[in-house]
Amino acid sequence: MTLTFGGRGNTQKVFQNETIKEIASRHGKTSAQIVLRWQMQDGYIVIPGSGNPQHIAENADIFDFMLSDEEMQQMRNLNMNRRFENW
């Protein structure tokens, strides 16, 4: 199963979501790390991409915490049944 969480031009909309920002603050992580952790923990295939070395390192730093069942549900509840890709 795969899922995009941003796509070109939409990533910051997702990262600025108040629920995601609140969860990130609790864990001392970035919004991107929370989204990636949620995807992995929920069984999604995660293929993050970046050309920025700092973002690449940040993307890999998601294995030292877990989201609670409540946080996982909060993330699932954000689903708006929209796709960001233009295929």
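Biologist: What is the relative accessible area of Arg26?

Modeller: This is a predicted model, in which local features need pLDDT of at least 70 and side-chain atom pairs count only at pLDDT 80 or more, while totals for chains, interfaces and linings use all residues. Residues are numbered from 1 along each chain as its sequence is written, and side-chain values use heavy atoms, with hydrogens and water left out. Buried means under 20% relative accessible area, exposed means over 50%, and partly exposed lies in between (1.4 Å probe, protein chains only). Arg26 counts as partly exposed, its relative accessible area being 44%.

Biologist: Which residue meets Arg26 in a salt bridge at 2.7 Å, N to O?

Modeller: A salt bridge is a side-chain nitrogen of Lys or Arg within 4 Å of a carboxyl oxygen of Asp or Glu, and for Arg26 the N to O value is 2.7 Å. The pair links distant parts of the chain, with Arg26 in helix α2 and its partner in helix α5, 45 residues apart. Here helices (H or I, at least four residues) and strands (E, at least two) are DSSP runs, numbered from the N terminus. The partner, which is buried with a relative accessible area of 5%, is Glu71.

Biologist: Which residues are linked with Arg26 in a network of salt bridges?

Modeller: Side chains of opposite charge can pair when their charged atoms come close. A search of the whole structure finds six salt bridges, and the network that includes Arg26 links it with Glu22 and Glu71.

Biologist: How many residues apart are Asp61 and Lys29?

Modeller: Asp61 forms a salt bridge with Lys29, the closest N and O atoms being 3.3 Å apart. The pair joins the loop between α4 (53-60) and α5, where Asp61 sits, to the loop between α2 and α3, where Lys29 sits. Asp61 is partly exposed at 36% relative accessible area, whereas Lys29 counts as buried at 14%.

Biologist: How many helices does the protein have?

Modeller: From the N terminus on, the elements run α-α-α-α-α. The secondary structure has zero strands, and its helices come to five.

Biologist: Which residue forms an aromatic pair with Trp38?

Modeller: Rings of Phe, Tyr and Trp (its six-membered ring) pair if their centres lie within 6.5 Å, with planes under 30 degrees apart counted as stacked, over 60 as edge-to-face and the rest as tilted. A search of the whole structure finds one aromatic pair. This pair is tilted, at 5.2 Å centre to centre and 40 degrees between the planes. Trp38 is buried, as is its partner, which is Tyr44.
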